[in-house]
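Have a look at the structure first, and then read on.

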Protein chains: 2
Amino acid sequence: MLNLIELEQFVAFADYGTLSKAAEHLNISQPTITRSMQHVEDAFGVPLFIREKNRITLSPTGKKAVSCVRVLLATSRDTVDQVPRYHKSLHSVTVESCAPAPLWTVLPELSSHYPDMSISSCIQNPDDILNHVIAHTCDIGILPYPVESKGILCTPILKEALSICVRPGHDLASMERLTFSDLNGFNFLLRSEIGFWDAMCRKTMPASKFLVQTDDFAFQELVYESTLPCFTTNLAADNSGMLQGRIVIPITDPEATVTYHLILSANKSNAFRGFLRKYSVLPY
Amino acid sequence: MLNLIELEQFVAFADYGTLSKAAEHLNISQPTITRSMQHVEDAFGVPLFIREKNRITLSPTGKKAVSCVRVLLATSRDTVDQVPRYHKSLHSVTVESCAPAPLWTVLPELSSHYPDMSISSCIQNPDDILNHVIAHTCDIGILPYPVESKGILCTPILKEALSICVRPGHDLASMERLTFSDLNGFNFLLRSEIGFWDAMCRKTMPASKFLVQTDDFAFQELVYESTLPCFTTNLAADNSGMLQGRIVIPITDPEATVTYHLILSANKSNAFRGFLRKYSVLPY
DNA sequence: TGATCTTACGTTTAGCGTAACAATA
DNA sequence: TATTGTTACGCTAAACGTAAGATCA
């Protein structure tokens, strides 16, 4: 009977040329690999080696065996890889969103529908999200626009509208509505990890500078203490009270209002049936 | 690391439903297979079983693992199968002939050209020979006619002409030549293991009876002692002297004279280059 | 002399079966 | 009570590394 550990040593010998070098790379002693090669030869029942006094090389049959064994070991690695991946797919949900806001509602809903599942999420750029959903490395994606792709279900779930927050007395404080072109050139405080909004702000307001804060507490303190304008949306709750005293002015450009769309592979629709029931998911 | 023996036990459990039954079929104790299943589970790193107090079943992940492992074990069996087959193909030549006579010259020639090879031969019917050469389960075939088949080389090598041997005084003894229709109705002594000749005689002389002798000595004694006619050819040497005193009369039907053709797979022509040099092998 | 492979030897590991136990139908 | 799976225990066999031997460049 074949032994996968010995077969690993066998291909290591083929790769490194001598038993000593293979043993060294595998952190085992030379005698061990000598014995293993004898076992492998016994298991195949035909001579695989040309043995000279202090040299051992592969016979033509041995070379054939190496190529067969490489396939076998690849199959073995694939097996060890696939099974845990399958297990994970049964017991976890991965969500990738283009922005944090939709996760605030989607993640709790998933948790309540699938209490035994571990739910993991991350912020990604929209192109990657679509690719990951197609490649099944992600279960549920959230994009700022609809997609039409074969085998992908897509449905709108939420709207988010961007506004600006300024201190009274700021140049813009008296405006009832604003456009990106009005804002272009002003500097802003910006939170990190806001997904596609970051790129959108830099594109629509190229003359502006953005003071990105990674730390949440630091961001809140800066908003509270400084006169720099910042952003908020209809979905953001001001739990820290940092916006108290600030004037919220909506931005009227179409880019400032997005409709989030939930996407998933069509052949996972059954698995997420309960969760999807509240949305009217349509195949494109 | 996976262990193929334990994986065999794993699929046996899947096949037989309980550990006890699997253990029984594999001739091992129950505790052994219990431990093996724990090892397999450890190797995959994810739960494969649903364990109840005195019942163990496969989890969904376990079922997935079983199907993956079946593939792996099939690959393993295939590997163990292919390597010795390859070794054999490097160190042996198999010849299948439609009749014994051509082997008397071809086998010695092969032996002298490839002294390190083991040469095995057998008598087969022509259709099977062609199929075996095409399927590479036979290296060299000898047919009583030429074939045209893609990838098959074919060349004429020998002629064999059938004659009849009778005692002086026999009804046919005075004839200079004969046809199968002249012979039809007479009974004959016939050697076994004469390949296609056997079917040919029965077809061309349906009214005759053939006393087939398996034992070579018995055949010679019968020829020597009886008055029953028998057959010989231009290629048969009468080493035993059994034909002394018999009259040899040629058979003139076209079926009584055959030209043997050597066939082999075109992609083996290089391996048999030395042997083939004496024949002018033409691809059809 | 340094590198290579093999054999010998003693220790340690791990694999197996028997036996005992717990739980179910 | 018969069947099933797990755990405990002791024995055996196999696997390993060190050491020694043999051969070659």
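## How the protein meets its DNA

Of the atoms of DNA strand D within 4 Å of the protein, 73% belong to sugar or phosphate, and the rest belong to bases. Before going further, please note that this is a predicted model, in which local features need pLDDT of at least 70 and side-chain atom pairs count only at pLDDT 80 or more, while totals for chains, interfaces and linings use all residues. Residues are numbered from 1 along each chain as its sequence is written, chains are lettered from A and ligands numbered from 1 in the order in which they are written, and side-chain values use heavy atoms, with hydrogens and water left out.

A residue counts as near a strand if one of its heavy atoms lies within 4 Å of it. There are 18 residues around DNA strand D, and A:Ser29, A:Thr32, A:Asn54, B:Ser20 and B:Arg51 come nearest. By class, this surface has five nonpolar, nine polar and four charged residues; here Ala, Val, Leu, Ile, Met, Phe, Trp, Tyr, Cys and Pro count as nonpolar, Asp, Glu, Lys and Arg as charged, and the others, Gly among them, as polar. The largest share of the surface near DNA strand D, four residues, comes from α3(A). Helices (H or I, at least four residues) and strands (E, at least two) are DSSP runs, numbered from the N terminus.

DNA strand C also has 18 residues around it, with A:Ser20, A:Arg51, B:Ser29, B:Thr32 and B:Lys53 coming nearest. Sugar and phosphate account for 69% of the atoms of DNA strand C that come within 4 Å of the protein. Here α3(B) gives the most to the nearby surface, with four residues, and the residues divide into five nonpolar, nine polar and four charged.

| Protein atom | DNA atom | Distance |
|---|---|---|
| A:Thr32, polar side-chain atom | phosphate oxygen, DNA strand D | 2.5 Å |
| A:Asn54, polar side-chain atom | base oxygen, DNA strand D | 2.9 Å |
| B:Leu19, polar backbone atom | phosphate oxygen, DNA strand D | 3.1 Å |
| A:Leu19, polar backbone atom | phosphate oxygen, DNA strand C | 3.1 Å |
| A:Ser20, side-chain N or O atom | phosphate oxygen, DNA strand C | 2.5 Å |
| B:Arg35, side-chain N or O atom | base oxygen, DNA strand C | 3.2 Å |

Now to the two protein chains. Their contact (heavy atoms within 4.5 Å) takes 28 residues from chain B and 28 residues from chain A. Together they bury about 2600 Å², 81% of it on carbon and sulfur atoms; buried area is the accessible area (1.4 Å probe) that two parts lose on being put together, summed over both. B:Met1, B:Leu4 and B:Val83 supply 21% of the area that chain B buries against chain A, more than any other three residues.

Over all chains, though, the count comes to 14 salt bridges. One of them pairs A:Arg51 with A:Glu41, the closest N and O atoms being 2.3 Å apart. This pair links strand β1 (residues 49–52) of chain A, which holds A:Arg51, with helix α3 of chain A, which holds A:Glu41.

Definitions and conventions
Polar contact = N/O pair within 3.5 Å; in protein donor to acceptor, adjacent residues only side chain to side chain. Salt bridge = Lys/Arg side-chain N within 4 Å of Asp/Glu carboxyl O.
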